[in-house]
Amino acid sequence: MWEMDLKDSLSKFKQQQERCQSSLASIAASTSKPKHRAQPVNAPSAPARPLQPIKFSNDTERLQHINSVRKSPIGAQIKLVIELLYKTRQAFTAEQINETTYVDIHGNKSVFDSLRNNPKVHYDGRRFSYKSKHDLKGKDQLLVLVRKYPEGLAVVEVKDAYPTVMEDLQALKAAGEVWLLSNMDSQEDIVYPNDPKAKIKVDDDLKQLFREMELPRDMVDIEKELQKNGIKPMTNTAKRRAAAQINGVQPKAKPKKKQREITRRTKLTNAHLPELFQNLNT
């Protein structure tokens, strides 16, 4: 009898112990939660914190830039590569170009074919380099080239030969080795060789005589002067005017032409008379 009473007491003790543990656990959970203070209804609310812009890591920005380059038009990618070759004047492999400009030449056949066939690019089968029209390395070679063009050489044909070519042209001009003339009409600069053999001294009296000499204004008089000096004129103005009078056609008076300046690729046969070129834009 007493054994049954003991079992009942033990069972009730266990149940009471479990209830106590459950109560303690719920109390501990409630104390760990932050307490929220109730705000009055009319209390002003705290200002909202502005959203901070999302900052990408440097690696993310680099990946975005690579993606924008490789998705750009082929022409834009070719321009990036040619600018690299022009500024550095070094030869680059496709891998080196990819590391510098992010242009994937091996991964884009159109870019590779365009570069290989570009007139400004030299490809030796492995590396790409800049190719100018004239392969010049310095001022001495530049002067040799200019002397091969007595009728004048367009500056645009040599301006990309090497980085300091324009400075060397100015130096050659200052030294009297070349004539560098500018044409405002065609926006084209021409460089002429100044032949050292033509460097002669002209007397002031001869220069003055040259300046005072006047040409006839009428073509008939010009043709007569040519004939006096044994030169056959290409025109016969007197005959043309006589035929016009017979047919009743009045010759039209030609407006006086403005004296033509030396422009474009005029041959400098009077280089020993610098007064002729005072009006040129140099």
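This is a predicted model: local features need pLDDT of at least 70, side-chain atom pairs count only at pLDDT 80 or more; totals for chains, interfaces and linings use all residues.
Me: What makes Arg89 count as buried, exposed or partly exposed?
Reply: The relative accessibility of Arg89 is 28%, whereas buried requires a value under 20% and exposed a value over 50%, so Arg89 falls in between and counts as partly exposed. Arg89 is found in the loop between H3 and S1.

Me: What makes the phi values of Arg89 and Tyr102 worth a remark?
Reply: Most residues other than glycine have a negative phi. Arg89, which is not a glycine, has a positive phi near 55°, and Tyr102, also not a glycine, has a positive phi of about 70°. Tyr102 is found in the loop between helix H4 (94-101) and helix H5 (109-116).

Me: Why are S1 and S2 called edge strands?
Reply: The open sheet has 3 strands in the order S1-S3-S2, with antiparallel pairing, and strand S1 (92-93) and strand S2 (121-123) each pair on one side only. Helix H3 (residues 74-88) packs on this sheet, where it touches S1, S2 and S3, and its direction makes about 65° with that of S3.

Me: What describes the packing of H9 and H10, and which residues meet there?
Reply: Two packed helices are described by the angle between their axes and the distance between the axes. For helix H9 (residues 219-228) and helix H10 (residues 237-246) the angle is about 145° and the axes are 9 Å apart. Met219, Val220 and Glu223 in H9 meet Thr237, Ala238 and Arg241 in H10, a contact that by class has 3 nonpolar, 1 polar and 2 charged residues.

Me: What share of the protein chain is called buried?
Reply: Of the 282 residues in the protein chain, 24% are buried, which means that their relative accessible area is under 20%. The secondary structure of the chain comes to 10 helices and 6 strands.

How values were computed. Residues are numbered from 1 along each chain as its sequence is written. Side-chain values use heavy atoms; hydrogens and water are left out. Axes are lines fitted to C-alpha atoms, for helices over the stretch in contact, and angles run from 0 to 180 degrees between N-to-C directions. Helices (H or I, at least four residues) and strands (E, at least two) are DSSP runs, numbered from the N terminus. Contact means heavy atoms within 4.5 Å. Ala, Val, Leu, Ile, Met, Phe, Trp, Tyr, Cys and Pro count as nonpolar, Asp, Glu, Lys and Arg as charged, and the others, Gly among them, as polar. Two strands pair if DSSP finds at least two bridges between them. Buried means under 20% relative accessible area, exposed over 50%, partly exposed in between (1.4 Å probe, protein chains only).
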